[in-house]
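Please keep the structure in view while reading.

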Amino acid sequence: MQIIIKKLKSNNAGCLYKILHNGDKINIKLINTKSLFGIENQYNIKSIKWIIEKSEIEKIQIIENLIVNKFKEIQIQIDEMKSKIINKPNYPTMILSKINKNKTSNDIIKHEIGEITSFNEINKSCLYDVSLSLSTIFIKKLGKKNILHYTIETDLITKKAICVT
């Protein structure tokens, strides 16, 4: 996979980059997944934690390694990566994705024309096909360390016909 990293801007806290694969964002597809908690609000940011399988974890880790190696190529050492993969005791492995604040539930949740949607409809008893994208990377400078943060956005949520009660 060939990726391109473009610097967007920098300030005294670090640098913001855009990452592209063949001119587009890097996409991650989750099939038959669910969210244990539904939509969550963290300050003014809406986020969803999606359950991911081992094969998806491996794909995300490959992407993370590609990013670190790409920065090495341009002489930027990454000392630490803040992964969006969440491993907590007694919970399945999840990935944290955010909702773009410029989009509504109608932009993201697949629906019929005229149907009203809400992020509150996302619940733990239903399965979804989800399209995620890796949109930006921020390298924060903390002393002499470079800490890489990346953003995964939810682009499309398609509810499956089956919901388990």
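## Confidence in the model

The protein has an average pLDDT of 89, and 97% of the residues score at least 70. The score pLDDT is the predictor's confidence in each residue, on a scale from 0 to 100. This is a predicted model, in which local features need a pLDDT of at least 70 and side-chain atom pairs count only at pLDDT 80 or more, while totals for chains, interfaces and linings use all residues. Residues are numbered from 1 along each chain as its sequence is written, and side-chain values use heavy atoms, with hydrogens and water left out.

Confidence is lowest in helix 2 (residues 105-108), with a mean of 82, and highest in strand 7 (residues 85-86), at 96. Helices (H or I, at least four residues) and strands (E, at least two) are DSSP runs, numbered from the N terminus. Where pLDDT is low, the predicted coordinates should not be read in detail.

## The nonpolar core

Which residues touch the most other members of the largest nonpolar core? They are W50, I67, F71 and I137, in a core of 38 residues. A nonpolar core is a set of buried Ala, Val, Leu, Ile, Met, Phe, Trp, Tyr and Cys residues joined through side-chain atoms within 4.5 Å. Buried means under 20% relative accessible area, exposed means over 50%, and partly exposed lies in between (1.4 Å probe, protein chains only).

Two or more residues of this core come from each of strand 1 (3-11), strand 2 (14-21), strand 3 (26-33), strand 5 (45-51), helix 1, strand 9 (126-142) and strand 10 (145-163). Strand 9 provides the largest share, seven residues. In soluble globular proteins, nonpolar side chains tend to be buried together.

F71 has contacts, meaning heavy atoms within 4.5 Å, with I5, Y17, I76, I78, I137, I139 and L148, leaving aside its neighbours within four places in sequence.

## The largest pocket

The largest pocket has a volume of about 200 Å³. On a 1 Å grid over the protein atoms alone, a pocket is an open set of points where a 1.4 Å probe fits, with protein on both sides within 12 Å along at least five of seven lines; lining residues have an atom within 4 Å of a point. Grid points are joined across faces, edges and corners, and the volume is the space filled by probe spheres set on the points.

The lining consists of Q42, I45, S47, K84, L96, S97, K98, H149, Y150, T151 and I152. Strand 5, strand 8 (94-98) and strand 10 each give two or more residues to this lining, and strand 10 gives the most, with four. By type, the lining residues are four nonpolar, five polar and two charged. Here Ala, Val, Leu, Ile, Met, Phe, Trp, Tyr, Cys and Pro count as nonpolar, Asp, Glu, Lys and Arg as charged, and the others, Gly among them, as polar.

## Residues in helix 1

Helix 1 spans residues 54-73 and includes S55. S55 counts as partly exposed because its relative accessibility is 40%. E58 is also placed in helix 1, and is partly exposed at 39%. K70 lies in helix 1 too, but K70 is buried, with a relative accessible area of 17%. Leaving out residues up to four places away in sequence, K70 touches Q2, I3 and I5.

## Distances along and across the chain

| Pair | Apart in sequence | C-alpha to C-alpha |
|---|---|---|
| S55 and T117 | 62 residues | 31 Å |
| F119 and K54 | 65 residues | 26 Å |
| E58 and V130 | 72 residues | 17 Å |
| T154 and S133 | 21 residues | 6.6 Å |

## Two buried residues

T154 is in strand 10 and counts as buried, because its relative accessibility is 1%. Beyond four places in sequence, T154 is in contact with W50, S97, K98, I99, I108, V130, S131 and L132. F119 sits in the loop between helix 2 and strand 9, and is buried at 8% relative accessibility.

## Two loop residues with positive phi

Most residues other than glycine have a negative phi. N22 has a positive phi of about 55 degrees although it is not a glycine. N22 lies in the loop between strand 2 and strand 3 and is exposed, at 66%. N90, also not a glycine, has a positive phi of about 70 degrees. N90 is found in the loop between strand 7 and strand 8 and counts as exposed at 81% relative accessibility.
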